[in-house]
Structure formats: C-alpha cells, structure tokens
Amino acid sequence: MTYRLAAERAIWRALESTTDICSEIIDALVMRDAGGYADMLKVLHEENVIDTDCYHRLSRLVPLRSRLLRQQDRVTSTEIREAVEEHRLDFESFMRQIRVFLGRVS
C-alpha cells in the first residue's frame with residue numbers, strides 16, 4: 001500500500017508539474033491558448049518545443065490525471081504501477097526538451 005500511495009503521488013506531481021511548465025511556456029511566449037491539459041502538450045508539440053514521441057507518450061497520461069483527480073477510488077494499483085514503469089523516463093525526456101528549448105529562446 002505504501003508503494004502505491006508513493007507511486008500515485010509521484011505520478012500525480014509529475015503530471016501537475018508538466019502541465020504547470022506547459023502553461024508557463026505558453027503564457028510567456030504568447031502561444032495560442034490551450035483548450036485543456038491534452039491541448040497544452042499539443043501546443044508545445046506544434047511550436048516545436050517537444051518532439052512527436054514525447055507528445056504522444058505524455059498525452060496518454062492525461063486521462064489518468066483526470067481519473068486521479070475525479071475518480072481516485074477507481075484507479076487500481078496495477079494501473080499506477082504500469083504508468084510509473086511505462087512513463088518514468090518520459091518526464092526526463094520532457095524536461096530535457098524543455099531545457100533545450102529554453103536555451104534556444106533565451
């Protein structure tokens with residue numbers, strides 16, 4: 001149970017941090033307004049901030065984010081474990097691409 005709660009919290013924080021970063025970049029660089037969490041990633045992809053693979057992989061996590069927010073009691077330990085195992089490196093890739101982009105615009 002402790003692993004599940006820690007993993008759930010970690011993936012939740014990673015998703016929230018990702019959307020916060022997307023929002024800040026979109027606002028600061030006056031990119032088109034995003035229509036939601038999935039659209040934030042799409043905007044960064046369209047603006048060549050993140051590559052196609054990163055966009056697609058992180059976009060698959062948006063429904064999990066919504067479920068963690070609205071239906072946490074229905075998210076299983078297996079789903080959390082699989083999400084962490086499948087996507088743990090995606091957040092590192094996202095951050096690497098953000099750093100490269102910020103280096104280009106600064």
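Reader: What should I know before we start?
Author: The model is predicted, so local features need pLDDT of at least 70, side-chain atom pairs count only at pLDDT 80 or more, and totals for chains, interfaces and linings use all residues. Residues are numbered from 1 along each chain as its sequence is written, and side-chain values use heavy atoms, with hydrogens and water left out.

Reader: Where does Arg65 lie?
Author: In helix α4, residues 62–70; helices here are DSSP runs (H or I, at least four residues), numbered from the N terminus.

Reader: Is Arg65 buried or exposed?
Author: Buried (under 20% relative accessible area, 1.4 Å probe, protein chains only), because its value is 6%.

Reader: What is Arg65 in contact with?
Author: Leaving aside neighbours within four places in sequence, Arg65 contacts Trp12, Leu15, Glu16 and Tyr37; contact means heavy atoms within 4.5 Å.

Reader: Where does its charged end sit?
Author: Over the ring of Tyr37, 3.6 Å from the centre. The rule asks for CZ of Arg within 6 Å of the ring centre and within 35 degrees of the ring normal.

Reader: New topic. At what angle do α1 and α2 pack?
Author: About 55°, with the axes of α1 (residues 2–28) and α2 (residues 37–46) 9 Å apart. Axes are lines fitted to C-alpha atoms over the stretch in contact, and angles run from 0 to 180 degrees between N-to-C directions. That makes α1 oblique to α2, oblique being what is left after under 35 degrees (roughly parallel), over 145 (roughly antiparallel) and 65 to 115 (roughly perpendicular).

Reader: And which residues of α2 meet α1?
Author: Tyr37, Met40, Leu41, Val43 and Leu44.

Definitions and conventions:
Helices (H or I, at least four residues) and strands (E, at least two) are DSSP runs, numbered from the N terminus. Buried means under 20% relative accessible area, exposed over 50%, partly exposed in between (1.4 Å probe, protein chains only).
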